[in-house]
Amino acid sequence: MVVSSTTNNSQQLDALLRNCLSQRLEPNEFFEEACRMIIEENGQFPERVLQIANNYASAFPEETDIFPLALAYLKILFVHGLIQPQKYLTILTTFDCWTHPIKIEEIASDLESYIYNKRIAVYEGNSNVLFTQITQILDWYIYSIEKIVELINENNFDEFSLVFINRINAIKHLHERPFTALIIFTFLSEHSDNSSINNNINKLQIISNKITNHLNELNEKKESTSKEDEMEVDEEKEEKIKEPSFSSKLSNFLKLIDQLIELFPLFSTPPKSNWQPCREDFIHRKYRPALLSLGSIFAIFRVIKTADEVADTFLTVGNILGMEHEQIVEDLLRAETSNICSEQREREALADVFVFIKLPQVLKCLIQRGIQRQTISKALENICNCDSLLDQVDDKKSDNVFRFFLDGLKKADVVNSKEHEFLTKKRDLKRSQNEELPAGERQMIVRSELISRVQKAKRGIDTLVPENTERLLRRLLSLGEIPIDMLCSIYCACGELSLFSSKLAALNAQAQQPITGENVSGATTNAQGRLLIFDSTFLLMARIQHVFADMRLEELVGGRLHCAFYRWTQRYQKCIEESESMCFVLSSQTGGGPSNEDSTDSSFRSNFQRNQFQAMRSQKQPFWLAENNDFGNTIETVPLIGELLLEEFSRGSPNSNEINNIFWTFSQMSCLWLCLVQWLDAQQPTIGNTPRQAMARSMREFEVKLQQQKTASEKDNKDNGERLQSLSYSILIARRLLRQIVDQRIKKEHPYTWLVGFAQRPLPALPFGRKMSLLRASPEEINEENQRLKEANNYLKN
């Protein structure tokens, strides 16, 4: 069909709609026919759909399915994005059909479907927008009640009364259903404004006055009836007396309006569940997975949330589920105790610090929010009675965990000395009855002393003078995985992680440039010290980013977007998200050597391969100079080294000694190893994927050889041992990623991380690269992915 103008297009659309209605075409068929013309008409057609259908249906009053079909046509335009949510609501709520109760009910059904099918939740992801949409529907409910009161009379009462009652119940459902009640409560609590509630109460009061006036008129009319007529009672009159009069029916309406007036102030309180336990020892088992899972999320994944935010979230969710304060606190304690028992090694430090440092802060916040100290003491006593759980934790940690936790609560003034002593003795007595647990104070020192030492290290970092920077960074890398994670977790628990990471980013940016007259803020005055600072801060920030996955990269570097760590990591993440290989890009100073305007990519590549790359493979000589190199440009050369290595593996079996020599040069600057693994991860798989996997396997074999040489080197050569220690830490950070490349696994995202943000933003779309990786996955990996989705679905239901 050729469209000559917008007017012709509009006329053709109107004719098409009438034709589709007459033929009773399904909504999908209508959409296929009308989609192109609706887009060309620039969106004016949806506003005419209901009116055209209403006019068309008037000519065929006996056919009652025309208007519902038009509503279905309108809905499919909305589902496919040709109508914005706000416009869709406006079309439904402004259509004038008040003299047709059936049409009112059909529009109301679509509005309720809009709310309770959660279409409202995917628009904007903003509580203010959600509140606006819900209140728009609520206003329509109240307006329909007002119109019905104006139109209803004794003759059409049966026809309109059902519409009246349904709208009353619809308003009650907004309060009874936790989803809508929570949205309204959240908006009102954020803005501390009850004007919308008061406005609705005023509207209902006006409706109540209209019904009262109508009743008064009926009573006056009844009193004016002659006494003779009142005395005449025949059989027909007696039969009518048995039925409720019109005035009594209106009186019932008045009672329903009064109920709504009493209901509206309740919107300003958190919604509660009507479910109650069957018996005292059955403590809300139905809802326990919600708080238990929430505890794991805050302890392991959403770790940068403050204690105030954690406390508010637990109180809100617990109130929605109708739980008592004691049950909320007990589930919080049980969740975090289970975390330190079952969490994987790489996130063990997060769970430990949350329990021993942040959880006392959370409990203190709960006290400030009105939870009684006796309630917390009772919950602690209930946990103390969970012998099997605490014994399992103590056995794993070789520690009296509950006592150490109580020490933290006493220090935070959550429990007093008497409560601390009572609970400590009770737990010690139970431990003494279990012969499998190690007894004595010696075992307890393991965990408490480690955390105390890390806290002492944090105080040392906070008061660090620039001259001690090198010594501190050497010490940090020598501590290993768990103490560094624990240090960062303590910073996180204190709300200072971004401050700590931004200090690292500042050092990284300052050490990136060669020393020219000014040192790195007094931190070093020599080239090797500059290299150590740059390398160490790069690795520490990489570890923070891996462990604290919910921390934005910009927040991690504290706005220092020019530092080498930020530039490299941003580029790597972009390649992963867009499923693009990371290619070498020639800059004017890449590799540290001068390049003139005539330099090309190919000439630089051939020169690098002939000189620096050959020196790496034969003499273990680094391709950079620590004295005058910009380390940011040094890192930019990693893709070139990766491409040359991949070519070696593509040609067959390369000389393993030469390959290991190349890898060994990274011990001079260990962050390059991590960058090389990330570059290899970003390379898009090819058919067979043999060179990529072969290179990854060779890197794994180098890791084993390095570990074998590490102990001897530390004894024979202290400087060499320090370099190996730094490279070992870089290997530790990249180990899981390298293993995934070797095994061709689909990279796993942290489970449930997106669920926490569900109430604040829409669910993220599946990235294209993720879709492609699933298409290449084996049946076993697909089954594993499906299982994770089922677990997420079960979590949402709970």
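Figure 1. The chain holds 39 helices and zero strands. This is a predicted model. Of the 798 residues in the chain, 48% are buried. Contacts between residues at least 6 apart in sequence were also examined: 77% of them join residues at least 24 apart. The chain exposes about 39500 Å². Carbon and sulfur atoms supply 49% of that area.

**Figure 2. A patch of negative charge on the surface.** Four glutamates gather here: Glu 26, Glu 29, Glu 32 and Glu 33. Their patch lies on the surface. Glu 32 belongs to helix α2, which spans residues 27-40. Glu 32 has 65% relative accessibility. Glu 32 counts as exposed because the cut-off for exposed is over 50%.

**Figure 3. Helix α20, largely enclosed by the rest of the structure.** Helix α20 covers residues 401-411. Eight of its eleven residues are buried, so the helix is largely enclosed. The buried set includes three phenylalanines: Phe 402, Phe 404 and Phe 405. Val 401, Leu 406 and Leu 409 are buried too.

Figure 4. Asp 413 sits in the loop between α20 and α21 (417-432). Its phi is near 65°, a positive value in a residue other than glycine. Most residues other than glycine have a negative phi. Asp 413 is partly exposed, with a relative accessible area of 45%.

**Figure 5. Lys 620, in the loop between α30 and α31.** Phi is positive at Lys 620 as well, near 55°. Lys 620 is a residue other than glycine. The relative accessible area of Lys 620 is 40%, so this residue is partly exposed.

**Figure 6. Asp 630, a buried residue with no salt bridge.** Asp 630 is placed in the loop between α30 (612-619) and α31 (631-636). Which side chain of opposite charge is nearest to Asp 630? Arg 567 is the nearest, 5.4 Å away. That distance lies beyond the salt-bridge cut-off, which is within 4 Å, so Asp 630 has no salt bridge. Leaving aside neighbours within four places in sequence, Asp 630 is in contact with Gln 512, Gln 513 and Pro 514.

Methods
Residues numbered from 1 in each chain as written. Predicted model: local features only at pLDDT ≥ 70, side-chain atom pairs only at ≥ 80, totals over all residues. Heavy atoms only, no water. Helix = DSSP H or I, 4+ residues; strand = E, 2+ residues; numbered from the N terminus. Buried < 20%, exposed > 50% of the residue type's maximum accessible area, 1.4 Å probe, protein only. Contact = heavy atoms within 4.5 Å. Areas by Shrake-Rupley, 256 points an atom, 1.4 Å probe, with all protein chains shown as cover. Patch = residues over 30% accessible without salt bridge, like charges linked within 9 Å, V, L, I, M, F, W, Y side chains within 5 Å. Lys, Arg positive; Asp, Glu negative; His and termini not counted. Charge placed at Lys NZ, Arg CZ, Asp CG, Glu CD.
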